[in-house]
Amino acid sequence: MTTQAIILLVVFLASLLVLAYPLGTFLARVGAPGKIRGLGVVAGLENAIYRVAGRSSSGDMNWKTYALSLLLFNLVGAIVVYAIQRWQLWLPLNPQEMANVSPDSAFNTAVSFVANTNWQGYAGETTMSYLTQMLALTCQNFFSAATGIAVVYALIRGFSSRGMSTGIGNFWVDVTRSTLYVLLPLSILFALFLMAQGVIQNFAGYKEVALLDPVTYSQAKVNESGEKILDAQGEPVMEDVTATNQTLAMGPVASQESIKLLGTNGGGFFNANSAHPFENPTPLSNLIQMLAIFLIPTALCFAFGRMVGDIRQGWAVLGAMTFIFVIATLVVLAAEQQAHPLLQQLGVDQQASQFQSGSNMEGKETRFGISASALFAAVTTAASCGAVNAMHDSFMPLGGMVPLVLMQFGEVVFGGVGSGLYGMLVFAILAVFISGLMIGRTPEYLGKKIQAYEMKMTSIVILATPVLVLLGTAIAVSVSVGTSSVANPGAHGFSEILYAFTSAANNNGSAFAGISANTPFYNTMLAIAMWFGRFAVIIPILAIAGSLAGKIPAPVTAGTMPTHGGLFIAMLVGVVVLVGVLNYVPALALGPIVEHLQLFVAP
């Protein structure tokens with residue numbers, strides 16, 4: 001591992017801490033009732049929204065009302081996103097006259113963006129109109145991120161409640177305040193920065209430009225009906241074609257790019273996502289994009305500590321997240337800085353020099369190199385973002401396994417906006433329950449007793465996504481419509497299917513791109529995994545919040561287990577890793593582990 005890689009990781013984490021700490025203080029104020037000093041204009045806009053919507057900003061909801069409001073809000077959002085895609089040909093802001101999206105793809109995309117997954121089975125620049133990109137996808141990026149923040153606020157209120165009521169806040173207020181005070185201002189500032197770096201923002205039609213050097217390539221001949229012409233052996237007849245022009249896609253990219261990263265959504269305007277120079281043009285933009293992905297999930301840890309009245313609790317959760325992240329990142333950095341054995345056999349020079357990055361540069365951009373690409377992969381899969389600046393399918397077997405495992409931990413290592421923290425707090429509940437069993441005491445977390453009801457809901461949260469991942473993978477590898485989409489046979493092909501369902505059920509959205517997932521089978525199966533991976537987790541968490549809100553906090557005694565020290569951090573890390581290992585090791589053994597052994601050990 002190079003010194004440059006270590007320096008990059010240290011600079012990234014230090015910058016993240018400097019930016020996230022003050023934002024955490026502000027997020028705690030957003031999650032509390034009342035006005036925020038100095039933001040009277042935003043407060044006026046907030047109150048105007050309440051008046052138009054006819055909703056009261058003062059009344060708390062119990063967990064069932066909160067959950068029903070959340071489901072209704074997201075269901076309506078999914079319907080709107082679906083409808084816009086199906087009608088985009090007849091709607092404005094479609095200079096390229098993009099056709100209406102097919103029913104199965106529109107369904108998958110609608111669920112994907114509502115669930116904060118942003119799985120994309122399509123290429124954005126050849127499928128979606130500008131209106132669809134802005135009104136459907138970008139708007140839903142804000143709403144899905146705000147939903148995650150709302151849920152974590154509700155859970156924190158359950159812990160901080162004095163037991164006088166079972167209210168956990170008002171969903172409509174939480175979504176409105178999260179959007180107005182946090183997501184919208186940050187996105188505007190970030191979009192301006194991206195535009196300064198070279199990210200495009202326009203409504204122009206696509207541009208035809210002349211290539212500096214003509215490109216000659218071979219393609220199959222076709223007849224007047226568009227069918228391939230075959231020779232006597234049944235093989236396609238090939239012809240050489242010389243291209244002298246290229247079409248450059250345009251569009252309002254910066255505005256979508258900013259919330260895509262800050263909201264840990266991940267869906268790119270272009271098919272290449274953050275590897276595309278119009279989305280991520282410079283090494284500086286790449287670093288800031290990684291910071292944007294982790295910014296709000298990190299800040300929410302500090303907000304959590306302040307809202308429960310003990311900042312040490314936030315540091316403890318953040319410490320567990322950071323420990324797992326650093327170990328995972330070091331592994332993927334080391335894996336990608338190895339020379340590829342098969343290329344070595346062919347005599348390919350893979351040594352780092354002043355002329356090349358060396359090591360495994362397949363699928364990576366030369367302007368980023370190994371270290372920045374590997375770090376981005378760890379960040380985007382730890383944070384359930386799914387944006388990519390390199391193709392994970394081209395990583396070394398162990399390098400590709402790290403993003404897979406980070407998702408399989410439940411996206412709690414920083415995780416998505418809101419979802420990472422509420423997921424880690426569920427693991428904290430499980431950790432104190434196990435600790436209580438070990439020492440023979442009733443488990444408590446932040447003064448609230450953890451009893452049978454909380455553990456039942458915790459079990460549902462922890463088991464929901466593994467069931468979706470493993471069951472979906474098993475079905476896909478058992479039917480021809482599942483295996484026919486895989487371009488690579490053997491262990492890597494299995495890894496592509498496992499990665500797809502892991503990404504979908506854990507609401508990440510990245511992919512091993514060797515799988516052709518834009519088919520009715522995968523669009524439907526992955527949509528089911530995304531929807532239940534999101535809401536089958538959120539509903540039990542809100543139930544936990546409601547149960548905790550009605551409990552009177554127990555006083556701290558000499559026998560109370562501290563949950564802010566190194567011992568608890570170690571316990572929390574152990575529980576997260578142990579649950580991940582028990583759920584997924586057999587599947588990992590059939591995919592990336594076998595592939596690694598075939599590549600490095602097998603003769």
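Helices and strands here are DSSP runs, numbered from the N terminus. In this predicted model, Asp 393 sits in the loop between helix α12 (369-382) and helix α13 (397-408). The largest nonpolar core has 162 residues, and nine salt bridges are counted. The points below take up loop residues, helices, cores, a surface patch and salt bridges in turn.

- Asp 393 has a relative accessibility of 18%, so it counts as buried, the cut-off being under 20%.
- Asp 393 touches Asn 488, His 492, Glu 496, Phe 512, Ala 513 and Gly 514, leaving aside residues up to four places away in sequence.
- Between the C-alpha atoms of Asp 393 and Ile 515 there are 9.4 Å, although the two are 122 residues apart along the chain.
- Phe 270 lies in the loop between α8 (253-262) and α9 (283-307) and is buried, with a relative accessible area of 1%.
- The contacts of Phe 270, not counting residues up to four places away in sequence, include Glu 125, Ile 200, Ala 249 and His 276.
- One of these, Ala 249, is 21 residues from Phe 270 along the chain, with 8.4 Å between their C-alpha atoms.

- Helix α6 (residues 130-160) has 31 residues and reaches 44 Å from its first C-alpha to its last, close to the expected 45 Å.
- Of the 31 residues of α6, 26 are buried, so the rest of the structure largely encloses this helix.
- Helix α18 has 30 residues and should span 44 Å at 1.5 Å a residue; its end C-alpha atoms are 43 Å apart, which agrees.
- In α18, 23 of the 30 residues are buried, so this helix too is largely enclosed by the rest of the structure.

**Nonpolar cores**

- In the largest nonpolar core, the residues with the most contacts inside it are Phe 294, Phe 325 and Tyr 445.
- Helix α18 (residues 520-549) gives the most to this core, with 17 residues.
- Phe 325 touches residues from several stretches of the sequence, including Leu 9, Phe 12, Phe 294, Leu 375 and Phe 414.
- Apart from this core lies another, of ten residues, among them Val 101, Ala 106, Ala 110 and Tyr 122.

**A nonpolar patch on the surface**

- Leu 463, Val 467, Leu 471, Ile 475, Val 479 and Val 481 form this patch, with about 480 Å² of accessible area together.
- Helix α15 (residues 452-478) gives the most to the patch, with four residues.
- Leu 463 is in helix α15 and is partly exposed, at a relative accessible area of 47%.
- Residues three or four places apart in an α-helix point the same way, because the helix has 3.6 residues a turn.

**Salt bridges**

- Arg 177 forms a salt bridge with Glu 46, with 3.3 Å between the closest N and O atoms.
- This pair links distant parts of the chain, as Arg 177 is in helix α7 (residues 171-197) and Glu 46 is in helix α2 (residues 40-53), 131 residues apart.
- Arg 177 counts as buried at 5% relative accessibility, and Glu 46 counts as buried at 5%.
- Lys 364 and Glu 336 meet in a salt bridge of 2.7 Å, N to O.
- That pair joins the loop between α11 (341-345) and α12, where Lys 364 lies, to helix α10 (residues 311-336), which holds Glu 336.
- Lys 364 is buried at 8% relative accessibility, and Glu 336 is buried at 0%.
- Asp 310 and Arg 312 meet in a salt bridge of 3.0 Å, N to O; Asp 310 is buried at 17%, whereas Arg 312 is partly exposed at 43%.

Terms used:
Residues numbered from 1 in each chain as written. Predicted model: local features only at pLDDT ≥ 70, side-chain atom pairs only at ≥ 80, totals over all residues. Heavy atoms only, no water. Helix = DSSP H or I, 4+ residues; strand = E, 2+ residues; numbered from the N terminus. Expected span 1.5 Å × (residues − 1). Buried < 20%, exposed > 50% of the residue type's maximum accessible area, 1.4 Å probe, protein only. Core = buried A, V, L, I, M, F, W, Y, C linked by side-chain atoms within 4.5 Å. Contact = heavy atoms within 4.5 Å. Patch = residues over 30% accessible without salt bridge, like charges linked within 9 Å, V, L, I, M, F, W, Y side chains within 5 Å. Areas by Shrake-Rupley, 256 points an atom, 1.4 Å probe, with all protein chains shown as cover. Salt bridge = Lys/Arg side-chain N within 4 Å of Asp/Glu carboxyl O.
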